[in-house]
Every structure is written in structure tokens, then in C-alpha cells.
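Subject: Structure handover and notes

Dear colleague,

I am passing on the structure below, followed by notes on what was found in it. Please read the notes with the structure open beside them.

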Amino acid sequence: MAPSVTRRGNDEYDDPILSKAVKAGRRTYFFDVRTTRGDDCFLTITESRKMVDDSGAVSYDRHKIFLYKEDFDKFAQELSETIGFIRGRLSSAPEIVSEKGE
């Protein structure tokens, strides 16, 4: 039995073999592991943002990154360094409290 294929515009993707979601306020981040025709794995990272217009109609704005296995190590290292830099700046900055108390 052939795997099902999801079509989005002109793109074709096999169903994810692993899918994780991170909810963050109005945004949700999806981490989906998919396979190529050659049975290699790659990662899609999708940011989905819920939007409500003036009439109350709901839509979703989506942005997607495709990350292939040959780039995993470089991507992970730079992401880790970038997050470390941000955390370092936050720990040395005076604490900021939002108006919402978050």
C-alpha cells in the first residue's frame, strides 16, 4: 500500500512519520519528520499563527522551513549558540514585566 500524499499548492509531501506541536499563545510550531522519495528523512518546521479579522473570521498564516539531514548539525549548532546568546543577554538585563503579568 502506497503512503498517502498531502498536496499543498504545487507541493507534495508524504504524511509525517513523526509530528510534534508546540503551542505558544497565538502561534503553534509544528515539527514534522517526513521522508523523501529516496527514503531519506527531513524536517519541516512550520509556524502557524491564528488570525481573526474584524468580522470574526478565523484564518491561519503559515511559514515553513525545510531542513535536510546534511544541514542538521550546522543548524542545531547555530540555533543553540543563538539561544545561548539571547539567554545571556536576558540574564544580564534588568527584569522586564509585561503589562499582562506574563
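On the surface, Val-52, Val-58 and Tyr-60 form a nonpolar patch, with about 290 Å² of accessible area together. A patch is built from residues with over 30% relative accessible area and no salt bridge, nonpolar side chains (Val, Leu, Ile, Met, Phe, Trp, Tyr) being joined within 5 Å and like charges within 9 Å, and accessible areas come from the Shrake-Rupley method with a 1.4 Å probe, where for residues only the protein chains shown count as cover. Tyr-60 belongs to strand E6 (residues 58-68) and is partly exposed, at a relative accessible area of 46%; here buried means under 20% relative accessible area, exposed over 50%, and partly exposed in between (1.4 Å probe, protein chains only).

Please keep in mind that this is a predicted model, in which local features need pLDDT of at least 70 and side-chain atom pairs count only at pLDDT 80 or more, while totals for chains, interfaces and linings use all residues. Residues are numbered from 1 along each chain as its sequence is written, and side-chain values use heavy atoms, with hydrogens and water left out.

As for confidence, the mean pLDDT of the chain (the predictor's confidence in each residue, from 0 to 100) is 84, and 78% of the residues reach 70 or more. Over residues 1-10, however, the pLDDT is below 50, and beyond near neighbours in sequence this stretch has 15 contacts (heavy atoms within 4.5 Å) in the model. Where pLDDT is low, the predicted coordinates should not be read in detail.

The chain has one helix and six strands, in the order β-β-β-β-β-β-α from the N terminus; helices (H or I, at least four residues) and strands (E, at least two) are DSSP runs, numbered from the N terminus. Of the 102 residues in the chain, 13% are buried.

Strands E4 (residues 27-35) and E5 (residues 41-52) run antiparallel and are joined by nine bridges, where two strands pair if DSSP finds at least two bridges between them. Thr-28 has Ser-48 in E5 as its bridge partner, and the hairpin of E4 and E5 has five residues between the strands, with Asp-39 in the turn at a positive phi of about 70°. E5 and E6 also run antiparallel, joined by 11 bridges, and Thr-44 stands opposite Phe-66 in E6. In the hairpin of E5 and E6, with five residues between the strands, Gly-56 takes a positive phi near 95°.

The structure holds five salt bridges, each defined as a side-chain nitrogen of Lys or Arg within 4 Å of a carboxyl oxygen of Asp or Glu. One of them joins Arg-34 to Asp-32, with the closest N and O atoms 3.7 Å apart; Arg-34 counts as buried at 3% relative accessibility, and Asp-32 counts as buried at 7%. Another pairs Asp-40 with Lys-69, the closest N and O atoms being 3.0 Å apart. Asp-40 lies in the loop between E4 and E5 and Lys-69 in the loop between E6 and helix H1 (72-92), so this pair ties together parts that are 29 residues apart in sequence. A further salt bridge brings together the side chains of Asp-61 and Arg-49 (3.2 Å, N to O); Asp-61 lies in strand E6 and Arg-49 in strand E5, so this pair ties together parts 12 residues apart in sequence.

Best regards
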